Protein chains: 2
Amino acid sequence: MSDSGPQYAAELVVGLRAGNRRALARLLTEAENGSPAGREGLRLLFADTGRAHTVGITGSPGAGKSTVTNMLAKAYRAQDKTVAIVAVDPSSPFTQGAILGDRVRMQDLSGDPGVFVRSLASRGALGGLSHGTLDVVAVLDASGRDVILIETVGAGQDEVEIAGAAQTTVLINTPGMGDDIQAMKAGIMEIADVLCVNKADHPGVDALIGQLRALLSLNVHADWQPPIVPTIATQGEGADALLEAITAHREHLVSTGKLALRERDRFRRQVLAIARAELLAGMLHGPRGEQRLAQILDDVTARHLDPHSAAAAWIDQGLHA
Amino acid sequence: MSDSGPQYAAELVVGLRAGNRRALARLLTEAENGSPAGREGLRLLFADTGRAHTVGITGSPGAGKSTVTNMLAKAYRAQDKTVAIVAVDPSSPFTQGAILGDRVRMQDLSGDPGVFVRSLASRGALGGLSHGTLDVVAVLDASGRDVILIETVGAGQDEVEIAGAAQTTVLINTPGMGDDIQAMKAGIMEIADVLCVNKADHPGVDALIGQLRALLSLNVHADWQPPIVPTIATQGEGADALLEAITAHREHLVSTGKLALRERDRFRRQVLAIARAELLAGMLHGPRGEQRLAQILDDVTARHLDPHSAAAAWIDQGLHA
């Protein structure tokens, strides 16, 4: 195989279509990195996307996201559905990579060719989920997986972005968390399509379910009431009910036409995010882009020019260069 | 007062310089909203910025960020320093605002004119900390506050951004958290300048300090070793030691010249973030920007065009329109 460019991408796409896991893995790497081969591969495969059910799994740290994800993957396998798991791990600036990696994760799923696991590093300061995440999901979709479970380890910002990337978002809650977490939960309540109450054998589960119901009742205009599904993921309890709730949500999206509307909205945000990055890159790498920026930053650090005026001046110069 | 435009901004700036808290509050609202008056106010005040010590307070949900922030504010007041607190709260899509608001927060600080508290809603999907946060900090800086404490309620992405906004970042840890949190902590370790171990009367504090030391030891090349400061913020214990560690970090930044380097880097990121948003807005609101986008999205949803090719086509059309 040649190692870059369109030829390499075309070969990987052929391999992927033949069911070659190594070709799939390589294409995912190229897609995640946003390399020319990755872009070309996506271009070639894009017509094959749009068939998988993409499911975001999110929740506070310690809620048991990995365990619930594993449990769900097994439940889908029991229905003979093929599964991909995309685990977005926080990257460590020390190690420059995903520190959890594929680790202990999914040990009891390994060896099953119907499950494909991919860990991605989240890109912190570069914007939570990297652009690459959506591209990775697209490649997995094109590879013919029935279900793609997208799991974040982080909390907060990532959760909102993951919801934007998936058709169905499962928010995992656990009893006995603090006030901050309750607040955070309220903030992301709107993005939750299914509420999983994990560790349902812990004290405080009834109070939590009551709180969730109260939060949901605020949203009277919704045509979808997120079901609340108790689970004990470590023991596999509640797996089928959770899977059913997720499937019911997709059926709701299909029957109401919201699946297509949400997809268009997702593409709109993705195209605009790419465009924004490309426009900035074009200006930075354009005529004297970096030099002009350095001069303008001299004025800013000297307090002669505020950042908004600086940005406007930099753009204006660039457009007339 | 006229209610918009340069005249209004100029009047608010005069009020702010005279120490009028109401003018300050109004200017902060304009700055947070990115209104024309806010931009103009910032332009007029920008020469007065750069004097405050900006301190980010971050950590996992439940770590006691608000309590530590209050404790620090009181310690600064005991040194006769004026303090502003910027509390970035998660916004609720239901209420369209900060759900914690100023709540119970800072009750024992109210009535002290040396403390000014401002809650900001974080902007979730729009990019964690809003652009407005840096503008709000700049206005408070120009108002002559000695110290600006910037506290997030969220975790993850926000933490990295807050670190980018502050000169000194305090990461709060507490004993007895789960593995996910330890992992997250590793991911944001590099951004922490001071490590506060709060709830130091809880079990597991020695183990936590040992873990933090081990993580720090990975970073052998650093010329600043983040001190580990135990606190029991609910009882005010450790306040002076924490304040000293924060002050020592600023002295380190000044003596090594890193204060200016970090500031320039911060301005660079801010100017580029503004430019990116402005470039995209220019294209969207330019000739048939939205119409062209809608047509291109038709091709994407029909799987005739992948998102990267779509963004490139949209930009290309826009530049030649």
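A crossing of two helices is called left-handed if the near helix is turned anticlockwise from the far one by less than a right angle, and right-handed if clockwise. The structure is a predicted model, in which local features need pLDDT of at least 70 and side-chain atom pairs count only at pLDDT 80 or more, while totals for chains, interfaces and linings use all residues. Residues are numbered from 1 along each chain as its sequence is written, and chains are lettered from A and ligands numbered from 1 in the order in which they are written.

**Exercise 1. Describe how α11(A) and α10(B) cross, and list the residues that make the contact.**

Step 1. Helices (H or I, at least four residues) and strands (E, at least two) are DSSP runs, numbered from the N terminus. The axes of α11(A) and of helix α10 (residues 258-284) of chain B come within 10 Å and cross at roughly 115 degrees, where axes are lines fitted to C-alpha atoms, for helices over the stretch in contact, and angles run from 0 to 180 degrees between N-to-C directions.

Step 2. The hand of this crossing of α11(A) and α10(B) is right-handed.

Step 3. On the α11(A) side the contact is made by A:L297, A:V300 and A:T301, and on the α10(B) side by B:E263, B:R264, B:F267, B:R268 and B:V271, contact meaning that C-beta atoms, placed from the backbone, lie within 7 Å.

**Exercise 2. Find how confident the predictor is along chain A.**

Step 1. With pLDDT as the predictor's confidence in each residue, from 0 to 100, chain A averages 84, and 80% of its residues score at least 70.

Step 2. Over residues 91-105 of chain A pLDDT stays under 50, although the model has 34 contacts beyond four places in sequence for them.

Step 3. For the model, the scores are ipTM 0.88 and pTM 0.83.

**Exercise 3. Explain why α3(B) is described as largely enclosed.**

Step 1. A residue is buried if 20 or more other C-beta atoms lie within 10 Å of its own, exposed if 12 or fewer, and partly exposed in between.

Step 2. The buried residues of α3(B) are B:A37, B:G38, B:E40, B:G41, B:L42, B:L44 and B:L45.

Step 3. Because seven of the 10 residues of helix α3 (residues 36-45) of chain B are buried, this helix is largely enclosed by the rest of the structure.

Terms used: Two residues are in contact if their C-beta atoms, placed from the backbone, lie within 7 Å.
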